[in-house]
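The paragraphs below go through a structure by its side-chain contacts, its surface and its backbone. Please keep the model open while reading.

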Amino acid sequence: MAIKALTLPLIAYLPPLYASLPGLSLATVGVVFMLARMWDIFTDPIAGAIMDRSRPPLGRRKFWIALATPALMATVWPLFNPPQTANAIHLGGLLFLFYVAWTLLTIAHAAWPADLTPDSGDRTRLIAWREWAGVLGMVAVLAAPILVLGGGAPLEQQLRTMGGLLLLVAPLTIVPSLVILPRLETQDQKSKPDLSGAWRLIQESPPMRRLLTSDLLSGCAYAANSATSFFIMSQYLSVGEHYSAIMLCFMLAMILGIPAFLKLSLWKGPQFSFALAMIGAAAASIGFAFAPAGNVLAAMALNAALGFCTGGYQFNLNTEMVRLADNDRQTSGQDRVSLHLALLAMTNKLGYALAVGVVYLLLQSFSGAQGAKVELSPFALVGLGLATPAALFLGAAWTLRANGLRSEKQEVPLKSG
């Protein structure tokens, strides 16, 4: 709940807020967010390899989560409550510290299901229901400003409320999971993973390359859509005062979409489930271009459709990557599940970084706008925020569907830690 609650504000709320400050422009904010996320291209594989090599007292997952959580929480309030004098250095420094802690926390969390059960079907369920719990966190962080401030509150007040909620939710959800969940470790490895093994994994495995490409394309699509959603709702559709309520529809629909696509994944396989989700997301994205301005119900319905299809997004990619990690463990004798999940996180963050940076640069270029409070070109918003994501969604569906992988039930021996 706490980890996923951070995701949407980082993409959909923080960039417009910082772009509205006097010392920052759309282009500057886009570049800073892009560079901060691209830094993870280097840190993610290194962090994953270090986790795979480590044998800390609490276990590989609990130790790194316990280490990263306080560091992450220390950056939340200053990041969500910037001063009016904030500049690029202020924003970049906070994002750098935030993403170092975020990397450690999310990789350990993503790899945890592989240590909890050897059955591939159970892992799929664990990953899917973990994503479902994350949606509850996102619903809570979106609902908080509406419940506390009412509708139509300024963006900066909404973010302060979100930041306060995150500081409350993080210890209340992460600490019990560290205490309650069992500590399990895989059997001893033939050799410890090499810190430089990430690039060899990519070079030697065509299925890995296709999976990462699909993750990159879908990450770009969602980032371009999320980074422009505030502008599309407020300027293109003229329903900006209902933005949080419209985003809440997205999250509530995801709560229904994850179980639906989980059943489809267990029946037809993760690739089919993911492909259908991406096709649906593309259709919903294009639908916004034809929605009547001022129609709140239409905006809510389309965002709900997009949210429902998003239910089949991340957990299917994680399930496929864990299965590739199992195959690698059987052939190489090395337990490199953290490294595999780190590579997936790397391409996802790269997709988000490129999309936010490029989209904001192009928005300013096409519109001549310097901040979020300036009117943007409707043509640019439709092209960059709706049509481009739709094309990327379809590309991600085609790439993973052509992967040639087959879902197989695999058992990986575990022992008590």
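In which helix do E320 and R323 both lie, and how many residues apart are they? Both are in helix α14 (residues 314-332), 3 residues apart, about one turn of the helix. Helices here are DSSP runs of H or I with at least four residues, strands are runs of E with at least two, and both are numbered from the N terminus. This is a predicted model, in which local features need pLDDT of at least 70 and side-chain atom pairs count only at pLDDT 80 or more, while totals for chains, interfaces and linings use all residues. Residues are numbered from 1 along each chain as its sequence is written, and side-chain values use heavy atoms, with hydrogens and water left out.

E320 and R323 form a salt bridge, with the closest N and O atoms 3.3 Å apart. The term stands for a side-chain nitrogen of Lys or Arg within 4 Å of a carboxyl oxygen of Asp or Glu. Both E320 and R323 are buried. Buried means under 20% relative accessible area, exposed means over 50%, and partly exposed lies in between, computed with a 1.4 Å probe on protein chains only.

The search of the whole structure finds 12 salt bridges. One of them joins the side chains of K4 and E131, at 3.3 Å from N to O. K4 lies in helix α1 (residues 2-5) and E131 in helix α7 (residues 120-149), so this pair ties together parts that are 127 residues apart in sequence.

Another salt bridge is formed by R61 and D115, whose closest N and O atoms are 2.8 Å apart. Because R61 lies in helix α5 (residues 60-80) and D115 in helix α6 (residues 88-116), the pair ties together parts that are 54 residues apart in sequence. Both residues, R61 and D115, are buried. They also belong to a network of salt bridges that links D52, R60, R61, D115, R123, D326, R329 and D335.

Next come the aromatic rings. A pair of aromatic rings is described by the distance of the centres and the angle of the planes. Rings of Phe, Tyr and Trp (its six-membered ring) pair if their centres lie within 6.5 Å; planes under 30 degrees apart count as stacked, over 60 as edge-to-face, and the rest as tilted. The structure holds 10 such aromatic pairs. In one of them, the ring centres of Y13 and Y243 are 5.3 Å apart and the planes stand at 50 degrees, so the pair is tilted. Y13 belongs to helix α2 (residues 7-19) and Y243 to helix α11 (residues 243-268), which makes this a link between distant parts of the chain, 230 residues apart. Y13 and Y243 are both buried. Ring pairs also link Y13 and Y243 with F230 and F231 into a cluster.

W129 and W132 give an edge-to-face pair, because their ring centres are 5.4 Å apart and their planes are at 75 degrees. Both lie in helix α7, 3 residues apart, about one turn of the helix. W129 is partly exposed at 40% relative accessible area, and W132 is partly exposed at 25%.

Helix α6 contributes the largest share of the nonpolar patch, 3 residues. W39 lies in the loop between α3 (26-38) and α4 (40-53) and is partly exposed, with a relative accessible area of 38%.

The last stop is the backbone. S238 has a phi near 55 degrees, a positive value in a residue other than glycine. Most residues other than glycine have a negative phi. S238 sits in the loop between α10 (206-236) and α11, and S238 is partly exposed at 41% relative accessible area.
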